[in-house]
Amino acid sequence: MKDSKKTQKKLHERNKHQQLYDFDKLKRVVPELEAFIIKNPSGIDTIDFALPEAVVLLNKAILMKDYKITFWDMPKTNLCPPIPGRADYIHYIADLLAEGNNGQVPTGTGVKVLDLGIGANVIYPIIGVAEYGWEFVGSEIDVVSLKTANHIITNNPHLNSNVTIRQQVSKRNILKNIVGEREYFDLVICNPPFFKSREEVLAKTTQKLRNLGKQVVGKPVQNFSGQNNELWCDGGELAFITNYIYESKHFKRQAVWFTTLVSNKEHLKPLQSLLKKSETKEVRVINMEQGNKVSRILAWKY
């Protein structure tokens with residue numbers, strides 16, 4: 001399907017993914033994708049999003065076509081994120097920086113971003129470097145994910161000069177052990193683990209597969225994959241972000257904006273209340289829509 005067809009997505013105006021995927025162009029950069037292209041009931045090209053391999057190949061093709069990537073490979077067990085939504089996060093936080101720069105988004109390595117939990121896919125730095133040329137520092141607690149991420153960075157020269165990764169050695173800390181004593185960031189970004197347990201992850205997977213029209217028997221296969229540390233933690237999203245907010249106060253002079261995705265709308269009120277008690281100077285909630293999905297960015301500064 002050609003790019004002239006509009007989707008129902010309400011993406012950021014600078015997001016490259018306003019239109020339906022052009023599978024003719026995508027399969028040219030990743031020929032293996034062709035085996036997974038099917039027609040939906042309307043006769044439009046798509047893939048079976050319940051198949052992890054198809055999702056990985058689609059993401060690889062998008063990154064190569066739109067974001068200057070020449071190498072991208074990752075284990076099937078790691079999180080394979082939907083790229084349009086991740087791009088929205090980058091564009092909306094760029095708008096935050098533009099407010100302090102006469103309405104213009106600052107570009108180049110003079111802008112330094114900390115990505116908390118960079119993951120094996122390196123998705124936020126890939127988009128941020130391609131779109132704005134920013135410099136990224138990524139933190140990662142999982143050794144295998146860190147190794148995979150470093151392999152992607154090393155094999156893409158433009159990332160190798162703009163992205164570095166630091167290992168977080170403590171499960172109890174988020175910013176501590178990562179931010180240097182005299183280090184300063186324009187932005188901190190975070191895509192926290194959403195779930196409280198492995199069981200909650202599997203329940204969500206079952207629901208997603210049924211929504212895709214799939215019959216689920218026994219243990220479901222996650223179409224979005226993900227290691228434990230990527231998908232869940234004790235206390236889930238609310239506990240993780242709460243800890244992040246507490247730590248951010250100790251680093252308040254070392255970043256302009258602290259931000260995070262918030263998946264569960266019910267978590268906003270308690271988090272905003274905590275931020276108020278933390279004596280923040282400003283708090284923002286930025287809504288993002290991708291089709292029927294609504295997510296939000298919580299941003300604060302001291």
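Q: What makes Ile83, Arg86 and Ala87 in H3 part of a meeting with H4?
A: The model is predicted. In it, Ile83, Arg86, Ala87, Tyr89, Ile90, His91 and Ala94 of H3 meet H4 residues Ile123, Tyr124, Ile127, Gly128, Glu131 and Tyr132. Contact means heavy atoms within 4.5 Å.

Q: Which classes of residue make up the contact of H3 with H4?
A: There are 9 nonpolar, 2 polar and 2 charged residues. Gly counts as polar, and Gly128 is one of the H4 residues here. Arg and Glu count as charged; Arg86 lies in H3 and Glu131 in H4.

Q: Why is glutamine 168 called buried?
A: Its relative accessible area is 4%. Buried means under 20%, so glutamine 168 qualifies. Its place is the loop between strand S5 (163–167) and strand S6 (185–190).

Q: What makes the approach of the glutamine 168 side chain to the backbone oxygen of asparagine 173 a polar contact?
A: The distance is 3.4 Å, and the cut-off is within 3.5 Å. The backbone oxygen of isoleucine 174 lies 3.3 Å from a polar side-chain atom of glutamine 168.

Q: Which residues does glutamine 168 contact, leaving aside neighbours within four places in sequence?
A: They are Glu140, Ile141, Asn173, Ile174, Lys176, Asn177 and Ile178.

Note on methods:
Residues numbered from 1 in each chain as written. Predicted model: local features only at pLDDT ≥ 70, side-chain atom pairs only at ≥ 80, totals over all residues. Heavy atoms only, no water. Helix = DSSP H or I, 4+ residues; strand = E, 2+ residues; numbered from the N terminus. Buried < 20%, exposed > 50% of the residue type's maximum accessible area, 1.4 Å probe, protein only. Polar contact = N/O pair within 3.5 Å; in protein donor to acceptor, adjacent residues only side chain to side chain.
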